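Have the sequence and the 3D view ready.

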Amino acid sequence: MLSVVKGIANFGIRYPQPTGAPITIVWNFTNRCNLNCLHCHQNSSPTTSYPELKTSQAFKVIDNMSDAGVAILTFSGGEPLLRRDLYDAIKRANDNSMLCTIASNGTLITREVAKKLAKAGIRRVEIGLDGATAENHDFLRNKHGSFKATIEGIRNCAEVGFDELATTMTLHSKNLSELEETMELAEKLGATRFYLNRLIPAGRGVEACYLDVTSEEKIKALEILYSKFHKSILNGFGMQCYARGMTYYARLGYERSQGKVFTVSEALSGYEKMFQDKFGLEVSKIVRKLATGFGGCSAGLTYAGLTASGDLLPCVPAPIKLGNLLEQSLEEIWINNELLNYIRNRKAIKGSCKICAYGDLCGGCRYTAYVTHGDWLGPDTSCPFGPKIQDD
């Protein structure tokens with residue numbers, strides 16, 4: 001709430017509303033990885049020489065984020081478990097009252113590792129599960145045996161117990177037919193949330209774009225995803241399903257439910273158990289009313305990326321350094337950076353996203369606009385629907 005107030009103080013009342021600091025930062029804590037996935041937007045590998053912060057420097061960056069008011073910190077990579085000081089960094093962030101989460105490929109998560117993560121302060125674990133069979137998962141992860149190790153990692157996390165256990169699936173032409181089976185497997189293993197990602201044209205993901213699905217196939221996949229999400233809401237239990245990099249998932253849900261049950265952003269619907277336990281069942285109605293204030297792509301509004309060397313990014317896949325958290329305060333960069341302020345001007349969006357009736361709710365992925373048009377406020381070419389023209 002304080003971050004929202006600071007956002008209004010610094011930027012005025014706007015739609016969508018930037019907060020006074022990122023609510024969430026996804027930190028590529030290392031670019032080293034024990035896998036060599038085909039779709040990796042970080043070009044992570046076992047042999048990468050990308051510079052990393054020393055432990056003392058990482059602590060300084062964590063303190064900087066805490067001072068600015070960052071609420072949620074995700075340790076990602078690369079594979080964050082390859083850094084020996086990961087648990088110390090998690091504890092430092094947790095002691096600074098940040099909600100700590102981790103994004104991992106799961107292959108290194110033994111029962112002991114899962115216990116250590118929980119003890120250090122991890123509240124939510126997110127693990128990539130890219131198919132219901134070893135053939136499809138191992139294909140994208142580019143390593144034989146990774147499926148089996150990932151399944152064990154998910155099981156270990158479920159047994160230890162976290163506030164939330166999420167699995168993510170990157171959609172492509174070879175695993176499209178396994179979407180429903182993958183969701184069923186994830187829930188059977190103990191996942192409470194499921195994310196469907198799309199191929200992102202960054203890093204090795206550029207070369208993997210030949211695997212992308214057609215617009216019709218993407219709509220079909222989102223329909224399957226939403227059907228599961230809607231069922232979990234109606235029943236009051238079950239794994240909740242969200243989409244990443246596809247802000248038009250909100251549009252699909254809005255249309256299918258006549259504006260009653262839909263996701264407002266990649267991670268928010270108002271139906272999350274942790275919100276309903278804290279604020280009551282009415283929180284979903286509040287979220288729906290505020291949808292145009294916090295919906296759509298969160299880059300530059302409530303979220304940012306961070307490199308292994310401490311450079312702030314507009315979003316995780318975007319290799320554009322806005323400033324370094326060892327040298328500048330996060331708040332200073334966030335409020336004054338020229339590019340961030342340009343990205344925030346969503347009323348100046350161009351092309352098909354400008355004329356679409358769902359501009360306030362969806363607004364398109366801003367990184368995709370940048371990569372395809374060289375303009376962060378251009379149209380989102382990944383949209384499978386095309387603009388909805390508002391009725392007169």
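Start at C100, whose bridge partner in strand β4 is I122. Keep in mind that you're looking at a predicted model.

Now zoom out to the strands themselves. Strand β2 (residues 72-76) and β3 run parallel, and four bridges join them. To get from β2 to β3, the chain passes through helix α3 (residues 86-95), making a right-handed β-α-β crossover. On we go: β3 and strand β4 (residues 122-128) are parallel too, joined by five bridges. Here helix α4 (residues 111-120) takes part, and together with β3 and β4 it makes a right-handed β-α-β unit.

So how covered is strand β3 (residues 99-104)? Mostly: five of its six residues are buried.

As a rule, most peptide bonds are trans, and most residues other than glycine have a negative phi. You'll find G78 in the loop between β2 and α3.

N43, in the loop between β1 (24-28) and α2 (55-68), has a positive phi, near 55°, without being a glycine. S97 isn't a glycine either, yet its phi is positive at about 70°; look for S97 in the loop between α3 and β3.

Are these two buried or exposed? N43 has a relative accessible area of 42%, so it counts as partly exposed. S97 reaches 64%, and because exposed means over 50%, S97 counts as exposed.

Technical notes: Residues numbered from 1 in each chain as written. Predicted model: local features only at pLDDT ≥ 70, side-chain atom pairs only at ≥ 80, totals over all residues. Heavy atoms only, no water. Buried < 20%, exposed > 50% of the residue type's maximum accessible area, 1.4 Å probe, protein only. Helix = DSSP H or I, 4+ residues; strand = E, 2+ residues; numbered from the N terminus. Pairing = 2+ DSSP bridges. Right-handed = clockwise from strand over helix to strand, strands pointing away.
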